[in-house]
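Have a look at the structure first, then work through the points below.

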Amino acid sequence: MHHRQTSKGFPRRTLLAAATAGVAAAGLAAAPAQARAKNRDKDLKKIISGMSLEEKVGQLFVMRVYGHSATAPDQADIDANLKEIGVRTAAEMIAKYKLGGIIYFAWAHNVREPHQIADLSNGIQTAGQQQPSRIPLLVATDQEHGIVARVGKPATLFPGAMALGAGGSRSDAREAGRIAGAELRALGINQDYAPDADVNINPANPVIGVRSFGADPAAVARLAAAQVQGYESARIASTAKHFPGHGDTATDSHSGLPVITHTREQWEQLDAPSFKAVIAAGIDSIMTAHIVVPALDPAEDPATLSHPILTGILREQLGYDGVVITDSLGMEGVRTKYGDDRVPVLALKAGVDQLLNPPSLDVSWNAVLDAVKSGELTEERLDVSILRILRMKAGLGLFEEPYVTQRGVDRTVGTRAHLAAADRIAERTTTLLVNKDRLLPLSRRRHKNILVLGANPASPSLSDGPPTTVLGAALTELGFTPTVLATGTAPSQAVVAQAVAAAQGKDAVLIGTYNVTAGSAQQALVNAVAATGVPVVTLSLRNPYDVAQLPSTGAHLAAYSWIDVELRAAVRVLAGRAEPRGKLPVPVQRADDPAQVLYPIGYGLRY
């Protein structure tokens with residue numbers, strides 16, 4: 001564990017430290033902001049002028065790496081690194097490619113538990129300090145909360161964007177960002193690829209959905225900007241995504257190349273407001289989308305590779321001069337039109353600064369190096385992007401102190417106050433959409449014995465267990481006697497029969513649903529259990545659109561994700577311990593006629 005290792009050759013540039021970290025240097029502290037920024041840039045440009053071409057190329061890349069340790073990962077992770085990247089460890093990768101950043105993933109074994117994460121982050125920074133220019137690294141992850149969270153318990157997990165949209169509170173969005181940011185920062189993660197600023201107007205969107213704050217552009221803009229302010233207050237870089245707007249697609253850009261058919265006017269009305277709002281809030285970085293928007297770029301290049309979209313619109317029209325980062329370059333959406341060796345070069349030519357997670361680092365890194373050597377890209381063009389990246393690092397205070405401490409982890413991560421805040425915020429998001437004959441709230445006297453059925457989607461991160469288990473435990477805590485039977489997302493006829501038999505003699509049945517479609521097995525399960533006459537309460541674990549497919553339910557609640565904090569809040573609501581206060585942030589269309597709205601934005605029942 002490396003505690004405050006600033007003595008290890010750390011670049012103590014007094015001017016830079018003073019200009020970027022608020023150190024009260026005589027004269028400079030009192031200088032106007034413009035003068036401070038000018039002095040900071042002068043100092044950063046001095047660093048850039050001392051960098052080799054290889055260091056400059058490396059500074060543009062943010063890469064995955066396997067292992068819980070920067071220098072001593074498990075053998076299986078060493079083998080995976082050798083196979084995919086040609087190095088054994090994170091430290092070797094940083095030394096070879098002079099990287100500007102690392103992205104953490106759970107599947108890469110980077111995020112096992114808080115103290116290990118802090119050690120890994122410190123090991124990465126030590127590797128950076130051993131390079132000639134000694135530039136600190138950006139350590140990033142996708143911690144959107146809700147269904148996308150790489151760092152799990154014991155860290156605090158918050159409701160995701162659509163749940164916060166249902167709560168509608170800017171102060172809740174801000175507080176969630178502040179606490180989430182503080183915990184990441186304590187782990188040595190200094191850039192979060194959040195919030196999602198997409199406006200989800202397509203219920204069939206397979207990739208955004210509940211990751212969006214909702215379908216109302218003004219509401220999304222307000223909440224995304226508030227969350228950015230929260231992250232900023234915790235001194236962590238936030239990243240709005242996915243520009244120019246991934247909210248109206250029926251294709252997943254991980255596996256295909258979506259085409260957005262919005263006109264320029266529709267884009268201005270629907271997609272632009274949230275990005276304008278986060279820019280006004282001082283967003284540190286904006287992530288591009290691997291989508292085609294013909295109205296914005298007739299050449300039909302993916303936005304990640306589009307000069308008209310990234311330079312013409314984002315830089316020039318919206319006036320954004322912060323960092324632009326690609327979505328993962330391993331996704332199919334950016335690889336369909338050009339080869340992996342062309343993609344990073346075209347992204348830089350389009351106006352990108354950071355190149356995220358290419359499928360082959362060696363191919364991409366050398367492609368950029370060769371493009372500079374051949375004159376297709378100039379070194380000056382690289383310098384422009386590197387200045388933006390170094391400004392972000394300086395603004396985060398990384399040149400002063402890139403390391404974190406174990407004491408900081410213990411003081412910050414998953415504290416009682418943080419967990420209580422998550423519970424409070426979650427309670428304001430649960431949305432009651434159906435309550436026939438005032439079935440809810442359930443009473444411990446009349447509905448003592450409850451059968452819990454439903455889907456158990458893979459936990460988005462470390463949790464207390466699958467959703468049905470968490471729901472059962474929460475009911476037990478409130479004095480009910482639950483029986484839990486996991487029925488899955490596609491229950492067979494035998495499982496449905498088993499559920500119907502289990503419902504006999506119960507006082508109520510709670511069914512967790514997951515993206516129910518017309519004629520699906522989940523729909524058949526709800527109908528079959530409801531036909532027994534036992535009161536049925538359904539709880540949508542992800543998309544709130546489930547309710548349209550469940551006319552036989554007695555009551556329906558929307559939780560917007562299946563993380564513990566949301567499920568416990570939903571149980572408190574259905575048991576009458578909390579009032580349902582959430583309001584739909586998206587409209588729900590009728591199942592038989594999608595042109596008709598069943599429940600509009602803002603709909604939500606109370607007791």
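The second largest cavity holds about 50 Å³ of space. Keep in mind that this is a predicted model. A search of the whole structure turns up 6 cavities of 30 Å³ or more.

**The second largest cavity**
- Its lining is made up of Glu144, His145, Ala161, Ala194, Pro195, Asp196, Arg211, Phe213, Gln227 and Tyr231.
- Sorted by class, the lining of the second largest cavity has 5 nonpolar, 2 polar and 3 charged residues.

**The largest cavity**
- The largest cavity has a volume of about 90 Å³.
- Around the largest cavity you'll find Met51, Glu55, Gln59, Ile94, Lys98 and Leu99, along with Gly128, Gln131, Ser133, Arg134, Ile135 and Leu137.
- The lining of the largest cavity splits into 5 nonpolar, 4 polar and 3 charged residues.

**Two packed helices**
- To describe two packed helices, you give the angle between their axes and the distance between the axes.
- Helix α19 (residues 493-503) packs with helix α20 (residues 521-530) at an angle of about 30°, and their axes are 9 Å apart.
- Angles under 35 degrees count as roughly parallel, so α19 is roughly parallel to α20.
- The crossing of α19 past α20 is right-handed.
- On the α19 side, the contact comes from Val496, Ala499, Val500 and Ala503, while α20 brings Ala524, Leu525, Ala528 and Val529.
- That contact of α19 with α20 has 8 nonpolar residues, with no polar and no charged ones.

Technical notes: Residues are numbered from 1 along each chain as its sequence is written. This is a predicted model: local features need pLDDT of at least 70, side-chain atom pairs count only at pLDDT 80 or more; totals for chains, interfaces and linings use all residues. Side-chain values use heavy atoms; hydrogens and water are left out. Axes are lines fitted to C-alpha atoms, for helices over the stretch in contact, and angles run from 0 to 180 degrees between N-to-C directions. Helices (H or I, at least four residues) and strands (E, at least two) are DSSP runs, numbered from the N terminus. Angles under 35 degrees count as roughly parallel, over 145 as roughly antiparallel, 65 to 115 as roughly perpendicular and the rest as oblique. A crossing is left-handed if the near helix is turned anticlockwise from the far one by less than a right angle, and right-handed if clockwise. Contact means heavy atoms within 4.5 Å. Ala, Val, Leu, Ile, Met, Phe, Trp, Tyr, Cys and Pro count as nonpolar, Asp, Glu, Lys and Arg as charged, and the others, Gly among them, as polar. On a 1 Å grid over the protein atoms alone, a cavity is a set of points where a 1.4 Å probe fits but cannot get out, and a pocket is an open set with protein on both sides within 12 Å along at least five of seven lines; lining residues have an atom within 4 Å of a point. Grid points are joined across faces, edges and corners, and a volume is the space filled by probe spheres set on the points.
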